[in-house]
Amino acid sequence: LPETAEVRDDHLFIGGVDMVELARKEGTALYVFDEADLRHRMEAYREAFRSRYENSDIIYASKAFLNKEVARIAEAEGLCLDVSGGGELACARSVDFPMERVFVHGNNKTPRELEEAISAGVGRIVLDSRIELARVNEIAGRLGVVQDVYMRITPGVEADTHEYIRTGCEDSKFGFTMREDFAFKCVGDVLAAENVRLAGLHCHIGSQIFALHSFREAAAVMVEFMARIRDTYGHEITELDLGGGLGIAYLAEHQPSSIDDFAEVTCSAVRDLCALHNLPLPRLLVEPGRSLVAPAGVTLYTVGILKTLPGIRKYVAIDGGMSDNIRTALYHADYEPTIANKAGQPREEIVTLCGKHCESGDAVVIDMPLQKADLGDIVCVFGTGAYNMTMASNYNGQPRPAVVFVRDGASRVVTRRETYEDLYQRDL
Ligand code: LLP
């Protein structure tokens, strides 16, 4: 639940705002964010790491949820920003996000994106391959700059999560593989390239991870790699980015690790391992997305159709679906819904919240308990703050929802709802 969620007279309030009134005012489907929750998570991350490891920074993985306002908030909260392409970079530039705090990711950044990033003066480019090294070196040379880079290493750690969002294992499209010592040999190429400076190493083992030992294992591989680089190439790696991936509770029964536990494990692992290898402590970075924004966000819908198939299932059809939340169709994601105008009542029916799209797989919540639904009820689905808005589509010509921030009893639209004109305005 968002931090400020509470029930007053059967209505769900977030940030002191009645979700039923908000839905009526702004329309549904609607993405709503608890701004206090969002800011407190950013502060909690900074504090959890800074208090344990002075030379540390938090990079917000903007792919989880990005618009201008969240970029401004991340900036104000002192975070760095992970952009995974030219579009996210353009958003960062549009709000004057300090470019030295921008990290550029992606396994196939186009030459144009690389040129945009380097000429904008981004802090670090995370090299994903040897082909990309050549491109970055060439562009930086042409622009007359020396670009700070990291190398993304595939540490061979199998994180315990859905296979589509598991990225650190051997068979991965991401990063330099350690097989046959390929990554290690490529370090020599990066060091020899004139227009880049190898500042650090990066890894990212996956997303929605509950078991912290995977992060410790990744840290061990990375620090050992740093020691080999020092021993063989005589080069000191001064920055280590351990990626994102901390999981959150989508269901009440989920027991994710806390931000503090995550910080404790990663900071102490890096500290211990560096001591073991007699390495100076690098600047330590992590790149959370989901655990920064998912719990702060909810989606509101209006119930439009009810359909009961006796002995099979009860469908509650809402005015959104896979266009605003593809995660259920894609990953069988779990969510808990409530009816915002009946929030104090027990959830006694098992229902499927299906969407309005032309596919049977279009559901946001499958077989979960809900209060008895009536037409016109406002349904709230929790935990939709990450990878919902950014993965939204216009399937079936559905305009994408507005994004509203709520705080201290007030609401403000930070991204307006798409219009029909928006939908086809690019057509010639
Ligand atoms: N760093 C890199 C290089 C990443 O690829 C990602 C996520 C993150 C950081 C942030 O990971 P997080 O803290 O959010 O777990 N669409 C999927 C999630 C894909 C994650 C992609 N990379 C979903 O909806 O579950």
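Helices (H or I, at least four residues) and strands (E, at least two) are DSSP runs, numbered from the N terminus. The model discussed here is predicted.

Q: In which loop is E359 found?
A: E359 is one of the positions that UniProt, in an unreviewed entry, gives as "binding site". The strands on either side of its loop are β17 (349-354) and β18 (363-370). E359 is therefore placed in the loop between β17 and β18.

Q: Is E359 buried, partly exposed or exposed?
A: A residue is buried if 20 or more other C-beta atoms lie within 10 Å of its own, and exposed if 12 or fewer. E359 has 13 C-beta neighbours inside 10 Å, so it counts as partly exposed.

Q: Which domains supply the shell around the ligand?
A: The ligand is surrounded by 22 residues, the closest being S207, G244, G289, R290 and Y387. Helices α10 (290-293) and α11 each give at least two residues to this shell. At least three shell residues come from each of two domains, domain 1 (6-34 + 294-424) and domain 2 (35-291).

Q: How many residues of the shell around the ligand are charged?
A: The shell has eight nonpolar and nine polar residues. Its charged residues number five.

Q: Which element gives the largest share of the side of domain 1 that touches domain 2?
A: The C-alpha centres of domain 1 and domain 2 lie 32 Å apart. Their contact takes 24 residues from domain 1 and 20 residues from domain 2. On the domain 1 side, the elements giving two or more residues are β4 (30-34), β20 (402-407) and β21 (410-415). The largest share, four residues, comes from β20.

Q: How many residues on the side of domain 1 that touches domain 2 are nonpolar?
A: Six residues on this side are polar and four are charged. The nonpolar residues number 14.

Conventions: Residues numbered from 1 in each chain as written. Predicted model: local features only at pLDDT ≥ 70, side-chain atom pairs only at ≥ 80, totals over all residues. Domains from an automatic or database assignment. Contact = placed C-beta atoms within 7 Å. Nonpolar A, V, L, I, M, F, W, Y, C, P; charged D, E, K, R; others polar. UniProt positions renumbered as here; feature names shortened; annotations may be inferred. Near = placed C-beta within 6 Å.
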